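Please examine the sequence and the predicted model shown below. The explanation that follows begins with a single side chain and then widens to the whole chain.

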Amino acid sequence: MPDQESNTPQQPVLIRQGGNGLGTVIAAVILAAAAVYAINVWSTTKKETTPAKNIEQGIERIKDAAGKAIESRN
């Protein structure tokens, strides 16, 4: 028996990549929004803790000064 080959050409395998880039744009926007949110939360937290420590230290200084003033009157 002779080898029989079909004369119909095979379709090439195509791997499609890319597209219109909409997914990449959406991912970039999400990452940018996450970065802005993280920076905003970090700066807000930093602003809240630093003044609280300064106020606490100021109150301690006022207490010490008031205590010394009362002792000096006696």
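In this predicted model, Ile 26 has a relative accessible area of 44% and is therefore partly exposed, since that class lies between the limits of 20% and 50%. Ile 26 belongs to helix α1. Together with Leu 22 and Ile 30, Ile 26 makes a nonpolar surface patch of about 300 Å².

Side chains of opposite charge can pair when their charged atoms come close. Because Lys 63 and Glu 60 stand 3 residues apart in helix α1, which covers residues 22–73, about one helical turn separates them. The partners may also be described by their accessibility. Lys 63 reaches 51% relative accessibility and so counts as exposed, the cut-off for that class being over 50%. Glu 60, at 39% relative accessibility, counts as partly exposed.

The protein chain contains 1 helix and 0 strands. How many of its 74 residues, as a percentage, count as buried? The share is 0%, where buried would require under 20% relative accessible area. The protein chain exposes about 7,600 Å², and 60% of this area is supplied by carbon and sulfur atoms.

Technical notes. Residues numbered from 1 in each chain as written. Predicted model: local features only at pLDDT ≥ 70, side-chain atom pairs only at ≥ 80, totals over all residues. Heavy atoms only, no water. Helix = DSSP H or I, 4+ residues; strand = E, 2+ residues; numbered from the N terminus. Buried < 20%, exposed > 50% of the residue type's maximum accessible area, 1.4 Å probe, protein only. Patch = residues over 30% accessible without salt bridge, like charges linked within 9 Å, V, L, I, M, F, W, Y side chains within 5 Å. Areas by Shrake-Rupley, 256 points an atom, 1.4 Å probe, with all protein chains shown as cover. Salt bridge = Lys/Arg side-chain N within 4 Å of Asp/Glu carboxyl O.
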